[in-house]
Amino acid sequence: MAAQSQFLITGSVILSALLFGLGVVAFVFKRNIITVFMSIELMLNAVNLAFVAFSRAWGKLDGQLFVFFVIVVAAAEAAVGLAIIILIARNRQSLNVERVDSLKL
Amino acid sequence: MSNLIAQHPILIVSLVKIAVLMFIALTTLAYLTWFERKVVAHIQSRWGPYRTGPHGLLQPLADGLKFLFKEDPAPAGADRFVYFLAPFLALSLALTSLAVIPFGPKEIVILGHKTPLAIADLNIGLLVLFAITSLGVYGVALAGWSSNSKYPLLGGLRSSAQMVSYELTLTMSVVGVLLLAGSFNLREIIESQAGAHWWIFPRWNIFAGSFPQVIGFFCFFTAAIAETNRLPFDLAEAESELVAGFHTEYASFKFAMFFMAEYASMITVSCLATILFFGGWLSPFGQSNAWGWTHFLPTVLFGLAGLYLIWDGIRYETVFGKVVLPFLGIVLFALAVLFTFPGVNDFVQGPFWFLLKVLTFLFIYVWLRGTLPRFRYDQLMAVGWKLLLPLSIANVVLTSLAIVRFSR
Amino acid sequence: MTGPVIVFFALAALALGGAVSLILRRHPIHSALSLIVVMVALAGLYLLLGAEFVAAVQVIVYGGAIMVLFVFVIMLLNAGIEERTNLSRMAGLVGLPLGFFLTMQLVYWVAHSESQMNAAGIAAGGSAASTRDLAVLLFRDFVFPFELTSFLILIAIIAALVLAQKES
């Protein structure tokens, strides 16, 4: 029983790292703003999984509680971020990340 | 075979329960369409389906066959995968939500294994129901978008915006009940409503001791009607408005799936309303010995229905009706006799009251559909955000104040 | 290969498949659907790890509200299929190996810290966390962050309303 939960925790932690890496690859690779934003959500989800797994490992509930705060912050960020994306689409008529580079050198 | 059952008892028993519940649910869905057509017709002073089978009882079968044999085109330029996914998602989510509903208090024995009368008795049962309702928005939104056409897109967006807005009210109006019951487990919520005030008034949540959840029930039922896209909140799928809204481009079987999903959500929400506010499978009469005669109410009801069917069938016009209706009447009467046996009587009490209350709510749903006019979309959203949401939050505040004041 | 282990592998495969599909699909709506699959799979994993309330909240809030917002925006802005530009090819050429390297580093260090915790003899939690315990923790020890997050949501609502208004 303990070995089984040990396996679950280790597996979840490794899965969380893999998902985070995939999120980073998606962030770098994709050209649509909304997809890039979604990869940020994927990274946040991976971190949530790590929190829950470690909360189970420590036997305390603080990790699960922190997942709440991460979800709330992600919701607020998604709302504001999508509003900004709508404005960008209205002003530049394109959803390509490369068209929104006027702050670059 | 018995080895398989011995090794994985929960799995096999759950599969049996799922099969039985699916059969009952799908049949109820089909006959709910018949029920709605008959009731709306009688409200409008006409008869409804009358020719297909006695009293139109074979109408659902005829509709099902029609849906199977109709042509099933997909619009050009539609996103194939999402077009096929949307009705499937809507129907499967609507049927999954029936898994957490408890139908009765007693445990039954299936294949030698004692199990409660619900597929899954979860400690977070109510939250799972809300989770499935939240995911149900995708069926509508994706259907509207994938049809690659103006009216479905507008209808889908409007409909999903409406569903998301009323979801807030739906969940907030239930918090009062949760405060009173102290658990998300649906069975425990029902059990916390057992007993009666002053030996006459049942202690259901709508008459609850600390704070009667009348506002909560009102907000919940209105939000539920908006969630399931029924009249008076069905602007997004009404025939005279946006053609047919998000399911314009769907034909035959996929359209039938949306239809079934809507009725399945209706059934789920009616079950929820009875569980949360009206005591679920608790009888409105007390539990003491003075009320023992109420245990024979199922018998009386089924017996009367059977006798009426026999009498009506004998006088029916067609020969088919003269044979089938009395047969159905005899079946009902036999069930009534079966319910007098003590073991069966005990078992049948819970499900009988539960189903009676659910049928009452379904009747109210259909009654509202036949009677009220439609809301305009901006009126609909205004009611959702400016009236119902503040009301449900006020309900939470008042309930918690009442609990603190009257329970210490 | 007991039940929970099989379920874990199934859910992990679903989550990884969804994440890979997010990268490989060209249309944003398919990426959004893949992300929803990932979130539901993760909710299943939370259930396996004994966090039932968090699993339900994940599906309700993340899967039923945030992703609905994403899907709305994709539909409203009529996002089309992505193009493969020179920059994205270069990003792929350089970024993929680096991303792989980063992932392997993360996996190594996270598994390393987990095995160190195991060696230090910290006992894993047993039964599922009850909502009551979570509520007690939230409203007693963490009440200040709780109030702050409600403030944060208010700011986000006002910001979104102001930003998305029509030009007048």
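1. In this predicted model, 85 residues of chain C are in contact (heavy atoms within 4.5 Å) with 71 residues of chain A. The two chains bury about 7,200 Å² between them, of which 78% lies on carbon and sulfur atoms; buried area is the accessible area (1.4 Å probe) that two parts lose on being put together, summed over both. I23(C), L49(C) and F70(C) supply 10% of the area that chain C buries against chain A, more than any other three residues.

2. Between chain C and chain A there are zero salt bridges, a salt bridge being a side-chain nitrogen of Lys or Arg within 4 Å of a carboxyl oxygen of Asp or Glu. The side of chain C that touches chain A divides into 61 nonpolar, 17 polar and seven charged residues, with Gly counted among the polar ones.

3. Within chain B, helix 2 (residues 9–43) packs against helix 3 (residues 59–69) at an angle of about 115°, their axes 8 Å apart; helices are DSSP runs (H or I, at least four residues), and axes are lines fitted to C-alpha atoms over the stretch in contact, with angles running from 0 to 180 degrees between N-to-C directions. In this contact, A30(B), Y31(B), T33(B), W34(B) and R37(B) of helix 2 meet Q59(B), P60(B) and D63(B) of helix 3, and these residues comprise four nonpolar, two polar and two charged.

4. Residues are numbered from 1 along each chain as its sequence is written, and chains are lettered from A in the order in which they are written. Local features need pLDDT of at least 70 and side-chain atom pairs count only at pLDDT 80 or more, whereas totals for chains, interfaces and linings use all residues, and side-chain values use heavy atoms, leaving out hydrogens and water.

Note on methods:
Helices (H or I, at least four residues) and strands (E, at least two) are DSSP runs, numbered from the N terminus.
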